[in-house]
Amino acid sequence: MPVAWSDFQRADSGLASAVQERFESHRHAVMATLRRDGAPRLSGMETPIRDGHLWLAMDTASRKTDDLRRDPRFSIHSAPDGEELSSGDARVEGRAVPAPDPDIALFIEGHRFPIDDPSTMALFTADISRVVLARVEDRSLVVSAWTPEAGLTETRLP
């Protein structure tokens, strides 16, 4: 059962903070959606995390909006911090849920850039099914994965 960002944050605040830091380290992340023919589509986008939500905002005329309205599954990948991956490489998977009108006003109020015409914006929140943070520690790859069903698991590869 997918959960809101606030539920994930309550369940594992340490991993949530590390993942949020990765997404906030760059202005854009890469989102994967599914095209009508089932092929993946990769799109750059901002990924603000605030007010208990991971927000997905885009133009109503964009292909990724069409993709998410047809099939709400997505994966968002942070920009890598460098070759060493010392801060990690983050990914969030889930389903996009259309934001209700009160949430649209909340998003616009807290957005860092002015939104002149909200009628051209498609706004979703993320229901999260999986979060992954891969990082290098002491020459080993450490993969931390969290799901609502299993909680946190960690794998260390030499």
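**View 1. Strand 8 and how far it is covered.** Strand 8, which spans residues 140–147, is mostly covered, since 6 of its 8 residues are buried (buried means under 20% relative accessible area, exposed over 50% and partly exposed in between, with a 1.4 Å probe and protein chains only). Strands (E, at least two residues) and helices (H or I, at least four) are DSSP runs, numbered from the N terminus. This is a predicted model, in which local features need pLDDT of at least 70 and side-chain atom pairs count only at pLDDT 80 or more, while totals for chains, interfaces and linings use all residues. Residues are numbered from 1 along each chain as its sequence is written, and side-chain values use heavy atoms, with hydrogens and water left out.

**View 2. The two neighbours of strand 8.** Strand 7 (residues 121–137) runs antiparallel to strand 8 and is joined to it by 7 bridges; two strands pair if DSSP finds at least two bridges between them. Glu137 has Ser140 of strand 8 as its bridge partner, and the hairpin formed by these strands has 2 residues between them, with Asp138 in the turn showing a positive phi of about 50 degrees. Strand 8 also pairs with strand 9 (residues 151–157) in the antiparallel sense over 7 bridges, and there Leu141 stands opposite Leu157.

**View 3. An aromatic cluster of Trp5, Phe8 and Trp146.** Phe8 and Trp146 are both buried. Their rings form a tilted aromatic pair, 4.7 Å centre to centre with 50 degrees between the planes (ring centres within 6.5 Å, using the six-membered ring of Trp; planes under 30 degrees apart count as stacked, over 60 as edge-to-face and the rest as tilted). Phe8 lies in helix 1 and Trp146 in strand 8, so the pair ties together parts that are 138 residues apart in sequence.
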